[in-house]
Amino acid sequence: MYHEWIGPELGPALDVVRYPVHHVDFETWMPPIPKYPHTRPYQTIPFQWSNHILSADGAMRHEEYLCVDSKDPREEFALSLLQSIGREGTICVHSGYEARILKELAEALPRLRSQLQGAIERFWDLLSIIRSQYYHPGFAGSYSIKAVLPAVVPSMGYDDLDIREGSMASLVYYRMIFEVTDAREKTRLRNALLAYCKRDGLAMVELRKALMAKVTSAAP
């Protein structure tokens with residue numbers, strides 16, 4: 001029978017973060033037929049980010065971006081993100097996906113390349129730390145944040161949301177931008193996208209907090 005396992009390096013791995021800590025999540029879509037100039041079929045296009053910014057004193061604020069029209073969102077996405085993350089603090093992500101997106105943006109937006117590369121250097125991957133230093137039987141073999149969150153933080157999950165995973169967010173985004181004409185329905189879809197991306201970021205905040213508490217309680 002499997003039991004919760006706390007690795008010996010979990011504490012040190014959690015301690016390396018520097019405040020303010022930015023908990024960043026992206027949403028993207030891959031149009032099979034290019035919608036924007038100088039893009040290719042199935043190219044990954046970021047259209048949304050969420051950032052929960054936690055200060056050393058425990059204060060937290062939330063910032064977000066979502067493109068709401070049919071223009072190419074990449075430059076506005078990058079500029080708004082760079083403004084939000086500033087030049088200080090660790091950027092917490094869950095997986096290497098966000099780093100890959102910023103690398104692609106750096107190639108597409110040469111004038112922002114150095115700033116985007118600087119952001120990548122501040123990335124701290126919570127997924128890799130959990131994979132190597134923590135296990136809970138509630139994961140059921142999966143390290144997806146959708147499996148990890150309710151196992152570690154039982155009070156949180158995704159069941160209350162209209163959007164519950166990334167591929168659904170991509171479909172909703174396409175509908176909102178290119179299909180739906182009713183203003184009320186557009187607003188509903190926009191709110192659903194904002195709520196989903198925000199939950200992913202807040203999940204990282206609560207996972208870090210829960211893991212730090214486990215390290216403290218396990219200390220001799």
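This is a short tour of a predicted model, stop by stop, with something to select at each one.

Before you start, note that residues are numbered from 1 along each chain as its sequence is written. In this predicted model, local features need pLDDT of at least 70, side-chain atom pairs count only at pLDDT 80 or more, and totals for chains, interfaces and linings use all residues, while side-chain values use heavy atoms, with hydrogens and water left out.

**Stop 1: the largest pocket**

Select Asp 25, Phe 26, Lys 146, Tyr 196 and Asp 200, the lining residues that lie nearest the centre of the largest pocket. A pocket here is found on a 1 Å grid over the protein atoms alone, as an open set of points where a 1.4 Å probe fits, with protein on both sides within 12 Å along at least five of seven lines; lining residues have an atom within 4 Å of a point. The pocket holds about 310 Å³ of space, a volume being the space filled by probe spheres set on the points, which are joined across faces, edges and corners.

In total, 16 residues line this pocket. Colour E2, helix H3 (97-108), helix H6 (145-152), helix H7 (166-179) and helix H8 (183-218) to see the elements that each give two or more residues to the lining. Helices (H or I, at least four residues) and strands (E, at least two) are DSSP runs, numbered from the N terminus. E2 supplies the largest share, four residues. By type, the lining has four nonpolar, seven polar and five charged residues. For this count, Ala, Val, Leu, Ile, Met, Phe, Trp, Tyr, Cys and Pro are nonpolar, Asp, Glu, Lys and Arg are charged, and the others, Gly among them, are polar.

**Stop 2: Asp 25**

Stay with Asp 25, which sits in strand E2 (residues 21-29). A salt bridge needs a side-chain nitrogen of Lys or Arg within 4 Å of a carboxyl oxygen of Asp or Glu.

Now show the contacts of Asp 25 (heavy atoms within 4.5 Å). Beyond its neighbours within four places in sequence, these include Trp 49, Glu 98, Cys 197 and Met 204.

**Stop 3**

Move to Thr 44, in the loop between E2 and strand E3 (45-54). Thr 44 is buried, at 9% relative accessible area. Among the residues that Thr 44 touches, not counting those up to four places away in sequence, are Thr 28, Tyr 97 and Glu 104.

Next pick His 62, in strand E4 (residues 60-66). His 62 is partly exposed, with a relative accessible area of 26%. Leaving out residues up to four places away in sequence, His 62 touches Ser 50, Asn 51, His 52 and Lys 198.

**Stop 3: salt bridges**

How many salt bridges does a search of the whole structure find? There are 13.

- Glu 76 and Lys 71 meet at 2.8 Å, N to O.
- Asp 72 and Arg 74 have their closest N and O atoms 2.7 Å apart; Asp 72 is partly exposed, whereas Arg 74 is buried at 9% relative accessibility.
- Arg 111 and Glu 75 have their closest N and O atoms 2.5 Å apart. Arg 111 is in the loop between H3 and helix H4 (113-121) and Glu 75 is in helix H2 (residues 74-85), so this pair ties together parts that are 36 residues apart in sequence. Arg 111 is exposed at 57%, while Glu 75 is partly exposed at 33%.

Then select Asp 162, Arg 175, Glu 179, Glu 185 and Arg 188 together: salt bridges that share partners join them into one network.

**Stop 4: Arg 164 and H6**

Centre on Arg 164, in the loop between H6 and H7. Arg 164 is partly exposed, at 40% relative accessibility. Its contacts beyond four places in sequence are Lys 146, Tyr 158, Asp 159 and Tyr 196.

Finish on H6, which is largely enclosed by the rest of the structure because six of its eight residues are buried. Select Ile 145, Ala 147, Val 148, Leu 149, Ala 151 and Val 152 to see the buried ones. The buried residues of H6 pack against helix H5 (126-133), strand E7 (134-135) and H8.

Methods. Buried means under 20% relative accessible area, exposed over 50%, partly exposed in between (1.4 Å probe, protein chains only).
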